[in-house]
Amino acid sequence: MLKTLKRVFSYARPYKAYFFMTVIFAALGVALSLSVPIFIGEAVDCCLGRGDVDFTKLRGIVIMLAGVVISSTLFQWLMSLCTNKLAFLTVRDMRTDVFSKLEAVPLRYIDRRSKGELTSRVINDIEIVSDGLLQGFTQFFSGIITIVGTLIFMMTINVKIALVVVFMTPLSFIAASRITRAAHDSYMHQSRLRGDMVGLAEESAGNQKLVNAFVYGERAEEAFSRLNEEYGKVGLKATFFSSMTNPTTRFVNGLIYAAVGLLGALGATGHFAFVGKMSVGKLSSFLAYSNQYTKPFNEISGVFAELQNAVASAGRVFDLLDEEEVTDDSDKEVLAECNGDISFSEVYFSYVPEIRLIQGFTLNVTSGQKVAIVGPTGCGKSTIINLLLRFYDIEQGTIKISGHDINSITRDSLRSCFGMVLQDTWVFTGTVAENIAYGVPEATREQVIEAAKAVYAHGFIKRLPNGYDTVISEESGLSQGQKQLICIARIMLMDPPMLILDEATSSIDLRTEHRIQKAFTKLMEGRTSFIIAHRLSTIKHSDTILVMKHGNIIEQGSHEELMKTGGFYSELYNSQYAS
């Protein structure tokens, strides 16, 4: 826990000015509030009985008391202002680091976790850290000052009664520490379940059409209910323990207050000489200090409860920040020119060690060739692309582009050689023009329009409310085919030396697909192109067709050559066009 706390507060170090101002304002505010019982005690001593009231002195005390209370309130407000500023800036930096980390971790880390669970770490967990640690620091620091200050003031009034208070104080600590320890594990479990729930909710809400189409709604509800029920049980247990802290310490503090009142009253009436004689006003001040002395223990115990939850959330955030990043390759060679030659030599790769996928894969592609990759689902077609772009690194073998081993050149220069259209479309919240110019931000409007016209997207874009200035998003109502046309226009605008088309026209009608194939044919002239397709009619004119099965190339040749052999490709093709 201490290691986690230290790391959280390391983010606050650049803003230590706010920290010191918080400390100063807290000390001034508490010091002024601690003087209030003194004035109250003096005011009580001004009222000795009926007709025996020193109004002149009492008026002065009341005026001074009002000034002290107003000043104390002002300093406490300034303290809260500085604390909020400190918390905001600290959490801002932490969230920025987490987001940057998500862009730096290997793709396998993202693939193996739900998007909702990652979102929960970036948003919910960091917010809990802010509320539980940084905001709670004010209460903790003010409480410590109050305890020390009230103890000093009580000592000046009556040392013996003050010592009784001190000797009874450890009872609060013992009760709080035992309960806090029991709550910690529950909060850790609760934090993990929260991430699972957010992940499931995000997946279900983000794929509602699929959920409804497969009548999966009831099962999704059951899965969420199981998580929710477990979360409720764990949350109830954590809340029970944390809630026990405050009343337990209040009970102990009530015993302390009663002991002080009893001893003070006996001393004031002269029935217990051991504690010494004190006036009614001083007894009133002492009781007020006793109440102030015990109150911070209640607040601190509440902070401890929030602290457990915050530490658990901070641990999840730091687990992400401690993940291994993609190795820095800025010192590697920048691929200045790319002629399109690609070679795979004895490449081995698997996503998980237990399941072998690519084994001994060898392929040579010369510049300008159109290479189609076909095969059953899971045979390794898209994996070849992942390895080619170094989204994943190979385990054995070599992959070369233009004679350069891809491990010896920077990832940015490698990926800038390719334009890629995936089966899964993606548009971000922004104008249509901004989406098309995603890879070429400096492109002119004329260039954007030409790219859209080349893929036959100009017509539907002009029918949008604001044309190319229409703001779109994943939920903007565009069809899957329209989104895919925008993605294809994005690649047309980039005009890359090599192309990767992974089911690029899967969501487009046959008429539009025929037009786009013409545009692709023109775009692919003189460029090395990889085409992954299930509709085999789209790859008939490829220079080379690779037929993959279980991570290996089992057939290779042109469409005509493969049809003549009557092998696996021929079976696939005929199965699609069987009468």
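In strand E12, the residue that forms the bridge partner of Ile373 is Ile532. This is a predicted model, in which local features require pLDDT of at least 70 and side-chain atom pairs count only at pLDDT 80 or more, while totals for chains, interfaces and linings use all residues. Residues are numbered from 1 along each chain as its sequence is written, and side-chain values use heavy atoms, with hydrogens and water left out.

Two strands are taken to pair if DSSP finds at least two bridges between them. Of the 5 residues of E5, 4 are buried (under 20% relative accessible area, with exposed meaning over 50% and partly exposed in between, for a 1.4 Å probe and protein chains only). E5 is therefore largely enclosed by the rest of the structure.

These strands are part of an open sheet of 6 strands in the order E8-E11-E12-E5-E13-E14, with mixed pairing. Strand E8 (418–421) and strand E14 (552–557) stand at the edges with a single partner strand each, so one side of each has no neighbour in the sheet. From one strand to the next, the twist averages 15°; such angles run from 0 to 180 degrees between N-to-C directions, along axes fitted to C-alpha atoms, for helices over the stretch in contact. Helix H11 (residues 381–388) packs on this sheet and touches E5, E8, strand E11 (498–502), strand E12 (528–532) and E13, where contact means heavy atoms within 4.5 Å. The direction of H11 makes about 145° with that of E12. Helix H16 (residues 480–494) lies across E8 and E11 and runs at about 170° to E8.

A further open sheet has 4 strands in the order E4-E3-E6-E7, and its pairing is antiparallel. Its edge strands are E4 and strand E7 (404–405), each of which pairs on one side only. Strand E3 is joined to strand E6 (residues 396–401) by 5 bridges, and the two run antiparallel; here Ile342 stands opposite Ile401 in E6. H11 packs on this sheet too, touching E3, E4 and E6, with its direction at about 110° to that of E3. Across the protein there are 19 helices and 14 strands, defined as DSSP runs numbered from the N terminus (H or I of at least four residues for helices, E of at least two for strands).

A pair of aromatic rings is described by the distance of the centres and the angle of the planes. The structure holds 10 aromatic pairs, counted when the centres of Phe, Tyr or Trp rings (for Trp, the six-membered ring) lie within 6.5 Å; planes under 30 degrees apart are stacked, over 60 edge-to-face and the rest tilted. The rings of Phe344 and Phe361 have centres 5.1 Å apart and planes at 85°, so this pair is edge-to-face. It links distant parts of the chain, with Phe344 in strand E3 (residues 342–349) and Phe361 in strand E4 (residues 358–365), 17 residues apart. Phe344 is buried, at a relative accessible area of 1%, and Phe361 is buried at 2%. The rings of Trp426 and Phe428, by contrast, have centres 5.6 Å apart and planes at 40°, so they form a tilted pair; Trp426 counts as partly exposed at 40% relative accessibility. Ring pairs also link Phe349, Tyr351 and Tyr392 into a cluster.

In soluble globular proteins, nonpolar side chains tend to be buried together. The largest nonpolar core has 44 residues, and those with the most contacts inside it are Ile436, Ile539 and Tyr569. Such a core is a set of buried Ala, Val, Leu, Ile, Met, Phe, Trp, Tyr and Cys residues joined through side-chain atoms within 4.5 Å. H16 contributes the largest share of this core, 7 residues. Apart from this core lies another, of 33 residues, among them Leu357, Tyr392, Ile500 and Phe530. Of the 579 residues of the protein, 46% count as buried.
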